[in-house]
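Have the viewer open while you read.

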Amino acid sequence: MMAGVTVEEHHQALAAIVGAGNVLSPAPREYLSDGTLGRGLEGQADAVVLPGSAEEVAAVMRYCDAHDVAITTRGGGTGFAGGAVPQGGIVLATGRMARVRAFDPLLWRIHVEAGVPTAELRRIARGSGLWFPPDPGAAEQSQIGGNVATNAGGPHAFKYGTTRAWVTGIEAVIPPGEIVTAGGPVRKDVAGYDLVGLLAGSEGTLGIVTAVWLRLIPAVEASLPIAAVYPDAAAGCAAVEALMGSGIFPACIEYVDPPALAATGHDLPGGPPPDGFLVISEADGSEAEATAGREALRDALAGAGATWIATPDGDDVAALWRWRDAISPRITAVRGGKLAEDIAVPVDRLADAIRGSAEIGMRHGVDTMSWGHAGDGNLHSSFLVSPGDAGDNARAEAACEELFDLALALGGTITGEHGIGLLKRSHLAEQLGPAGQRLNAEIKRAFDPKGLLNPGKG
Ligand SMILES: Cc1cc2nc3c(=O)[nH]c(=O)nc-3n(C[C@H](O)[C@H](O)[C@H](O)COP(=O)(O)OP(=O)(O)OC[C@H]3O[C@@H](n4cnc5c(N)ncnc54)[C@H](O)[C@@H]3O)c2cc1C
């Protein structure tokens, strides 16, 4: 691990900081991969360290800095970009730091440690009639620190924004081992550069988030979804634009393209729907607002040429969202594996991006499906593979490379929500351009001059 220090000495030094039971060496395999394991991404680390407080994180970092040991921070390990996959050194896992430091329901705010699971945070808020809107799909496993580090999105980011929009303050440990605070419980703060914004979405490359202050809002009384089918992607995307142009502000606008709907639609609540392009939207607010809002959505979607419409109520509302959350694993199940990327494009180029994804798949001889957050122009383009079929994988990898070119050609981004991690780092320079690259490199140097945090990423 480091010149002149044995693994045993190193283990003892870290154990002296966090306790013997909280240093795992050799590193257990489950800490060496994330949501990209299906793509064969597995890393290597000498140890896993599980600190219990920000002070312990700072002490671990001071030790690592003094001995030039790389640190890869790990939250719930659900990332889809390989960000938590270590490339040597130690894995610092935040799961033990899961305390609620303060909860002020009457002031709509909460101060939590990084290791609190996303779903648990949402449950705590709900228990007091409040709501934390960000809703990334793996909420039972992902942690709030990981959500902040990836600036995670989800269906309702369309109306409520991504995780960053809900963070008023971050406590982080930065090299060589200093606890710093940016923002806090204050709701407005424009002093200095936006360090909260820099750390949110930095994927563990600038600092280790140890705690966050979050804004909450009163929970909406009702959320009423609506599902509509269009003959094809062009008609469906035109409906999305018509919906946005209608002046209604829905809570989300999701889509499922025709091949993905054919693979998953048989048990859609309110279905099965006819073949075609599915749009899911939702009206929320008080009972009266949501009811009136859904009527307005129905008019707009029907007016845009829907061939089928469903308006789930009661238990079917939760069932629809469970169905939506399960699309990714179900598409994986079609062939046993998939390579999926999360490009995003301007909304008016969504139809081009969906068509382009399918054309790329066709050129490479792989079945292609896509679904995602239509209102945000965010696709989850997926190339299906059979596990263990090297040819399949190579074709799908080549298709993914072309997908990034497509996103940039359409004026979009190589990642709308999953981040750069290990998977997309070779495409970042192209998106940033020389000036953006220089600024990124200088920001990295300012936080992490030795390059010890998540080496090889960002
Ligand atoms: C089924 C499924 C559905 C998903 N749906 C969505 C979705 O709708 N929207 C979306 O945006 N993502 C989605 N994801 C991806 C993933 O859940 C998110 O990126 C999530 O925010 C990752 O959180 P995590 O705690 O698992 O982080 P990890 O995977 O552990 O880490 C992700 C990155 O953040 C860094 N990191 C983690 N914790 C910290 C910390 N405390 N300080 C500094 N850096 C840290 C890691 O080093 C890594 O670079 C989905 C994943 C799955 C498996």
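1. A definition to start: helices here are DSSP runs of H or I with at least four residues, numbered from the N terminus. Keep in mind too that this is a predicted model.

2. On that numbering, which element gives the most to the shell around the ligand? It's α4, with five residues. The shell counts 33 residues, and Thr73, Gly75, Gly76, Thr78 and Gly79 come nearest to the ligand. By type, the shell splits into 21 polar, nine nonpolar and three charged residues.

3. A ligand oxygen sits 2.7 Å from a polar backbone atom of Gly75, and an oxygen atom of the ligand is 2.9 Å from one of Gln143. A ligand nitrogen is 3.0 Å from a polar backbone atom of Gly137. The protein buries 92% of the 970 Å² that the ligand exposes when taken alone.

4. Now have a look at β18 (residues 378-385). Eight of its eight residues are buried, so the strand is largely enclosed by the rest of the structure. Side chains in a regular strand alternate between the two faces of the sheet. Here Asn378, His380, Ser382 and Leu384 point one way, Leu379, Ser381, Phe383 and Val385 the other, and all are buried.

5. As for partners, β16 (residues 337-341) runs antiparallel to β18 with five bridges, Leu339 pairing with Phe383. β17 (residues 368-373) is also antiparallel to β18, through six bridges, and there Ser370 pairs with Ser381.

6. β17 and β18 make a hairpin with four residues between them. Check Gly377 in that turn: its phi is positive, about 60 degrees.

Key: Residues numbered from 1 in each chain as written. Predicted model: local features only at pLDDT ≥ 70, side-chain atom pairs only at ≥ 80, totals over all residues. Heavy atoms only, no water. Buried < 20%, exposed > 50% of the residue type's maximum accessible area, 1.4 Å probe, protein only. Helix = DSSP H or I, 4+ residues; strand = E, 2+ residues; numbered from the N terminus. Pairing = 2+ DSSP bridges. Near = heavy atom within 4 Å. Polar contact = N/O pair within 3.5 Å; in protein donor to acceptor, adjacent residues only side chain to side chain. Areas by Shrake-Rupley, 256 points an atom, 1.4 Å probe, with all protein chains shown as cover. Nonpolar A, V, L, I, M, F, W, Y, C, P; charged D, E, K, R; others polar.
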